[in-house]
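Q: Hey, can we go through this one together? I'd like to start with the overall fold and then look at the pockets.

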Amino acid sequence: MTFGYDKPLYILPFDHRHSFITGVFHWQQPLAAQQMARIAASKQVIYDGFKAAVDKGILHNRAGILVDEQFGATILRDAQARGYVTCVSTEKSGQDEFDFEYGDAFAHHIEEVNPTFAKVLVRYNPDGDSRMNARQVERLRRLSEYLARTKRLFMFELLVPAEQAQLDRLGSRAAYDRELRPTLMIGTIRALQDAGVEPDVWKIEGLDRHEDCEKTVDTARRDGRTRVGCIVLGRGSDGQAVLRWLNVAAGVQGFIGFAVGRTTWLEAVTAWGRDEITRETAVARIAGRFREWAGVFEHAVLRDR
């Protein structure tokens with residue numbers, strides 16, 4: 001089986017659920033019908049910003065969305081009709097251990113929405129809870145085998161959260177991100193591959209050093225996986241951090257794009273939700289941010305490759 005996706009890929013993620021509910025609206029579950037409608041409407045604002053960005057010049061076949069089925073089913077249908085790349089989250093939101101949002105019915109739900117990519121978000125530290133890691137690997141292998149068998153693409157968002165002992169040893173989260181996380185991330189990719197988990201695209205936390213990006217690609221593409229791609233995720237960080245990560249990653253063959261969510265839309269959606277700006281202004285701000293990331297990445301590719 002040949003894995004991989006190596007075409008340019010610029011993703012706007014807004015599949016956030018738990019963090020969206022609690023962070024944007026400061027609500028708690030269970031939600032009333034009116035609250036659910038408000039969340040769906042706010043995700044439509046983000047999607048309209050994406051469409052405006054694409055209409056303003058980003059190549060149609062490079063841009064895509066990542067949204068959840070719960071609040072984004074209508075958006076997914078429209079995006080598919082327009083020929084955009086679509087990605088759908090399969091994980092339960094707001095928990096440390098990966099599990100399927102729809103349990104054993106995960107395959108049925110993937111087939112119903114029929115995305116370009118099925119996506120997982122996984123928190124995995126090799127020095128963390130070994131039993132939890134093993135449970136996660138088993139579920140991920142099951143998903144990977146299903147996607148390969150049905151010829152569907154697999155996107156893997158890998159987070160490597162620091163263990164307290166690691167933070168204590170290094171002294172700060174910044175030192176962990178710089179000195180240890182890249183090594184742990186590369187080791188995790190290798191371990192997951194060895195366990196039969198075979199993503200087509202790895203969604204990677206931003207890296208500050210060119211050589212760490214190169215090592216990440218080398219691992220993702222080892223042993224004949226030559227078409228596997230990597231994209232940079234935004235981590236909800238400030239714009240300057242995102243720009244730095246995009247510039248570093250774009251200089252490395254094998255990093256094919258980015259997936260920057262909250263840094264693109266959080267300010268605009270929050271202001272719109274408070275009636276501080278109009279819907280049209282929110283859409284324009286989201287479109288402008290997304291165009292900015294694409295322009296920076298493409299300029300860095302031309303400059304450094």
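This is a predicted model: local features need pLDDT of at least 70, side-chain atom pairs count only at pLDDT 80 or more; totals for chains, interfaces and linings use all residues.

Q: Okay. How many strands close into the barrel, and in what order?
A: Eight strands close into it, in the order β1-β2-β3-β4-β5-β6-β7-β8. The pairing is parallel. From one strand to the next, the twist averages 25°.

Q: What holds strands of a sheet together in general?
A: They pair through backbone hydrogen bonds, either parallel or antiparallel.

Q: Back to this one. How many bridges join β1 to β8?
A: Three. Strand β1 covers residues 9-13, and strand β8 covers residues 255-259. The two run parallel.

Q: Which residue in β8 is the bridge partner of Leu 9?
A: That is Gly 257.

Q: What about Tyr 10, is it buried or exposed?
A: Tyr 10 lies in strand β1. Its relative accessible area is 2%. Buried means under 20%, so Tyr 10 counts as buried.

Q: And how far apart are the C-alpha atoms of Tyr 10 and Gly 254?
A: They are separated by 14 Å. Along the chain, these two are 244 residues apart.

Q: New topic: pockets. How much space lies in the largest pocket?
A: About 670 Å³.

Q: Which residues lie nearest its centre?
A: Leu 121, Arg 123, Glu 157, Leu 159 and Arg 262 do.

Q: How does the lining of the largest pocket split by class?
A: It has 17 charged, 12 nonpolar and 10 polar residues.

Q: How much space lies in the second largest pocket?
A: About 200 Å³. Its lining has 14 residues. Nearest its centre are Pro 8, Ile 256, Phe 297, Val 301 and Arg 305.

Q: Where does the largest share of that lining come from?
A: From α11, with four residues. Helix α11 spans 279-304. Both α11 and β8 supply at least two residues of the lining.

Notes:
Residues are numbered from 1 along each chain as its sequence is written. Side-chain values use heavy atoms; hydrogens and water are left out. Two strands pair if DSSP finds at least two bridges between them. Axes are lines fitted to C-alpha atoms, for helices over the stretch in contact, and angles run from 0 to 180 degrees between N-to-C directions. On a 1 Å grid over the protein atoms alone, a cavity is a set of points where a 1.4 Å probe fits but cannot get out, and a pocket is an open set with protein on both sides within 12 Å along at least five of seven lines; lining residues have an atom within 4 Å of a point. Grid points are joined across faces, edges and corners, and a volume is the space filled by probe spheres set on the points. Ala, Val, Leu, Ile, Met, Phe, Trp, Tyr, Cys and Pro count as nonpolar, Asp, Glu, Lys and Arg as charged, and the others, Gly among them, as polar. Buried means under 20% relative accessible area, exposed over 50%, partly exposed in between (1.4 Å probe, protein chains only).
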